[in-house]
Amino acid sequence: MALAASSPSRGAPPYAVVHVSVDGLRGGAIAKLGPRAVPHLYRLRIEGAFTDNARSDVDYTITLPNHACELTGRPVLGPDGHGVNFNSDDGRTLEAVHGSYVAGVFDVVHDRGLATGMYASKSKFALFERSWNAANGAPDTTGVDDGRDKIDVYVYQAGTAALLDSFTARMTAAPQRYAFIHLVDPDAAGHSYGWESAYYLDSIVKVDALVGRIFDLIDGDARFADATYLVLTADHGGNGTDHENAADPLNYTVPLYVWGPGVPAGADLYWLNPSTRANPGNGRPSYAASPAPIRNGETANLSLDLLGLPAVPGSVLDSAQDCDAVLPGGAGALPAVSITNPPSGTSLEYPASVVTEATADPRSGAIARVEFFADGVSLGADSTSPYSYAWTEIPLGVYRLTARAVRDDGIAATASVDIEIASAAAGTAGHSLLAPPRIYPNPFDRISTIEFSLPETDAVEVDVYDLLGRRVERLFGGRLGGGVHEITFDASSYAPGIYFLQLRSSAAVRTGKFMIVR
Ligand SMILES: [Zn+2]
């Protein structure tokens, strides 16, 4: 397929771009974890366009240089490079480092009168705040003079949960049309325990919950819903306990995900850009390579393109804004899909089955199939209209059901509804009284103790699942009396990693997580 190398045209202008950079997130890490462990990152994959094989800067795979790329659209070295080849803030500005003023995404958005925000979880991001503040930012010569301070809201908090609290509060009170969020967790876990460790995987599970909070903000606010793009990438990966070696594929391979209105669902970004970008395989192409790989440094101008704004002055990465994540024609170029049953918000009594029914209009060509998902986990597909999938024996819980209509040219779109499978005693006896199982110690090496309490005599199952949702072992199945119960759990035969422990009574399911480290 061929796409015009032009800015997308859409009906309504987009409202906002949220640009997320996950520090130290390896390219393959999300797929390794799978949809049950990281459902929100999988929502980006199922509903958006992505690659797990983007590239960092060629010469540097460390934090400050790559974030400078992500914010300016420049490489590190060379005459067009921003010049930040160091990884600790030395009190200078980008202008002082480069020798002349270096504009960034914030300049372009701010100078057009739109609010901007930056939420950082490392203190050295003060480099960016200082470079673009009221003293050091360039005069605004575009339209109305909005002043020199390019970053309206700057927040630094080392704890990312608190950082997301600030982001949600500030975006709700006075929306920023471009917000950049830096999430430190995987880098911190990688340096402390290694990029192969269960702690590292667990840090990405934490990031997934934070991304879920960004989705909650977008879904729950009419200003943002259906009008906001989420762009997610990483500065670098990691290997062992560091990421210094710029020649190591595990360091230079990063993800790049784009989600929002008009983005073809589930599309590979290289497939969307066949004439201008080429998947580099395991390689490390230079900046001279043509076609070029997709790079984290392109997220600067990609974010501006999604906002309908021009490229950063002086930038060279995607300065033509031809790295397309939205088809020419925008949402109108995608198939139209809707879920006709069940209605969103449906609550059913356990045990329950749900037939999801969808209609799909290809708009051009033909619908090849409609795929069905629950929280990112594939359920099945139907290739004949009316499209449906019968999901039976659904466990207790809340689910996001998604239908993805795939056209014969591979272009797809999604629709989703939320449902709940509740206990007959929901909110009263069994459901609310069954506490999640306690596991201690946790993390552990071989032996741990599982403790849970039953409100009354009940049939109970205790199962262990791996990250992909496969049952590893049933630890207990049978009837137990009310009160506290303990199981000594021998995990000597388990590989190190993250697992889920599921406690099921007749009225409720409770899940716990544990980690085996050796
Ligand atoms: Zn690091």
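Predicted model: local features only at pLDDT ≥ 70, side-chain atom pairs only at ≥ 80, totals over all residues.
Local features were taken only where pLDDT is at least 70, and side-chain atom pairs only at pLDDT 80 or more, whereas totals for chains, interfaces and linings use all residues. Residues are numbered from 1 along each chain as its sequence is written.

Helices and strands are DSSP runs numbered from the N terminus (helices H or I, at least four residues; strands E, at least two). Strand β5 (residues 178–183) has 6 of its 6 residues buried, so it is largely enclosed by the rest of the structure; here a residue is buried if 20 or more other C-beta atoms lie within 10 Å of its own, exposed if 12 or fewer, and partly exposed in between, with C-beta atoms placed from the backbone. In a regular strand the side chains alternate between the two faces of the sheet. In β5 both faces are covered, with Y178, F180 and H182 buried on one side and A179, I181 and L183 buried on the other. Strands are taken to pair if DSSP finds at least two bridges between them. Strand β1 (residues 16–22) runs parallel to β5 and is joined to it by 6 bridges, V20 having I181 as its bridge partner. Strand β3 (residues 116–120) also pairs with β5 in the parallel sense, over 4 bridges, and G117 stands opposite A179.

Two helices are likewise covered. In helix α3 (residues 63–72), 10 of the 10 residues are buried, including H67, C69 and E70. These buried residues pack against β1, α5 (105–111), α6 (126–131), β5, β6 (228–233) and α12 (299–306), where contact requires C-beta atoms, placed from the backbone, to lie within 7 Å. α3 is followed by G73, which has a positive phi near 70°. For α12, 8 of the 8 residues are buried, so this helix is largely enclosed by the rest of the structure, and its buried residues pack against β1, α3, α5, β5, β6 and β7 (253–259). Just after α12, G308 adopts a positive phi of about 80°.

Helix α2 (residues 39–47) packs on helix α9 (residues 198–220) at an angle of about 60°, with the axes 7 Å apart; axes are lines fitted to C-alpha atoms, for helices over the stretch in contact, and angles run from 0 to 180 degrees between N-to-C directions. The two helices are therefore oblique to each other (under 35 degrees counts as roughly parallel, over 145 as roughly antiparallel, 65 to 115 as roughly perpendicular and the rest as oblique). P39, H40, L41 and R43 in α2 meet D208, V211, G212 and F215 in α9.
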